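Please look over the structure below with an eye to its charged side chains. The report that follows takes them up group by group.

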Amino acid sequence: MIKQSIFFITALIISSLCFTGCSDDDNDYLGNWVDRAGLDFKVRSHAVSFTIDDVVYIGTGYDYDDDEKLKDFYKVELSGTGGIQMTQISEFPGVERNRAVAFASETKGFVGLGSDDDDNYLNDFYSYDASTNTWATIDNVPEALSARKDAVAFYVDGKGYVGTGEDDDRIRSDFYSYDPSTSTWEQISSLTYPRTKAMSFVLDDGTGEHGYIISGYSNGSLDDFYSYDTENNSWTELNKISDFTDYSFDDDYDNNIQRYDGIAFVMAGRAYLSTGQGSSETWEWNPLTDRWKQKTDFEGSSRYGGLGFTINDVGYISTGGNGSYSYNDLWYFEPYEEYENKD
C-alpha cells in the first residue's frame, strides 16, 4: 500500500510539472497585444476610420448598447505608445450610418455608402478637409455604384478605390476609382469573385504600392487573396490562405486565416489580419514571399466590425462588437515581442 501511494504521488507530481512546463511549442506564437486605453467616445461597431499625416479620424458606426446608429466624428492623435489626444470634429453631414467605407488622400478623408437607421442602403459620399474642419458633398457618385453596405476601400497612386459589398439585389464584385483632383469616378475591372465584409490594405511589395483585398463572405468565408495593379487595371490572385495546394508551405494554414468582418493593418513592410467573424487569430503576411505566419491571438474581447489602422508604423485595433456589446477600447500590436498576459 505504501509503495502504491508513493507511485501515485510521484505520478501526480510528474503530471503537474508537465502541465505547467511541458507546453506545446506549436501553440506558442510570437507577438504581444497591449491595451492602450479606452477612447473617449460612445462605444460602436462597424465605424469607419481614415488617416492623414499619422492622425486617425474615427466616426459613424452602430452602438449595440443603445441600439442606435451614429454620425459623430473624432480626431485621435497618438503620441508614442502613451498619450492620446481626442478632439470632436465637425459632425458627419450625411445621415447616421454603419457599415460604410472610408479612405484618405494626403489632405482629405472620404466617407460614403453604408446602412441607415432603417437599414436602407446608401450610396452618398462626402469629403473632409482636415485643414478647415469642413465636410463637402461629392455629387457625382456614378449610378452604377449602387447603394450598398460592407464594401471595401483603399487609396493608392493618387486615387481612391471602392468596391464589392452587398446591395438590395446581390453580393457585388464591381469596383470604382475616384480621382480627388478632378472629382471624377471611373468603373474599373471587377474583382474576380463577389464578396461582402472583406478586408483591405495598401502595402509596398517591393515593386510599388498596391491595394489588396482578402477573404470576405459569399456563402461562407472565402480563402482567396488579390492585389490590384493600378497601371494595368488588373487584379492578380495571390496564394490561397488555406491548406489548398500540394505544396508544403500552406500545411500549417487553417480555416482561421479566412474570415469576414475582420481588420487589417500594415507595419514595417508586413500586413496583419486579425479579429472578425470566425477567428481571433492574428496572421502576418510577407509580400516578398507571399507567405503567412501565425502570431499571438488578439487579446481583447472577441469581436467583428472593428477598425484596423496604422499610426507611426504601429498597428492598432479599436472599436467593434459581438452582437450584444460594442467597444471603444484601443490596442496596439508588437509583432516580435514575447506574449505578456494582460499588459
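## A network of salt bridges

Lys-42, Asp-63, Asp-66 and Glu-68 are joined to one another in a network of salt bridges, a salt bridge being a side-chain nitrogen of Lys or Arg within 4 Å of a carboxyl oxygen of Asp or Glu. Side chains of opposite charge can pair when their charged atoms come close. The model is a predicted one, in which local features need pLDDT of at least 70 and side-chain atom pairs count only at pLDDT 80 or more, while totals for chains, interfaces and linings use all residues. Residues are numbered from 1 along each chain as its sequence is written, and side-chain values use heavy atoms, with hydrogens and water left out.

Because Lys-42 lies in the loop between β1 (32-38) and β2 (48-52) whereas Glu-68 belongs to strand β4 (residues 68-79), the pair ties together parts that are 26 residues apart in sequence; strands here are DSSP runs of E of at least two residues, numbered from the N terminus. Lys-42 is partly exposed, with a relative accessible area of 30%, and Glu-68 also counts as partly exposed, at 30% relative accessibility. For these words, buried means under 20% relative accessible area, exposed means over 50%, and partly exposed lies in between (1.4 Å probe, protein chains only).

Lys-71 forms a salt bridge with Glu-91, and their closest N and O atoms are 3.9 Å apart. Since Lys-71 lies in strand β4 and Glu-91 in the loop between β5 (83-88) and β6 (101-104), this pair ties together parts that are 20 residues apart in sequence. Lys-71 counts as buried, at 17% relative accessibility.

Where is Arg-172 placed? Arg-172 is found in the loop between β11 (159-163) and β12 (175-179), and it is buried, with a relative accessible area of 12%. Arg-172 forms a salt bridge with Asp-174, the closest N and O atoms being 3.2 Å apart, and Asp-174 counts as buried as well, at 5% relative accessibility.

The side chain of Arg-172 also makes a polar contact with the side chain of Asp-167, at 3.0 Å (a polar contact is a pair of N or O atoms within 3.5 Å; within protein, one must be able to donate a hydrogen and the other to accept it, and residues adjacent in sequence count only if both atoms are side-chain atoms). Leaving aside neighbours within four places in sequence, Arg-172 is in contact, meaning heavy atoms within 4.5 Å, with residues including Ala-144, Arg-148, Pro-194 and Arg-195.

## The whole structure

How many salt bridges does a search of the whole structure find? The search finds 18 salt bridges.

Note on methods: Helix = DSSP H or I, 4+ residues; strand = E, 2+ residues; numbered from the N terminus.
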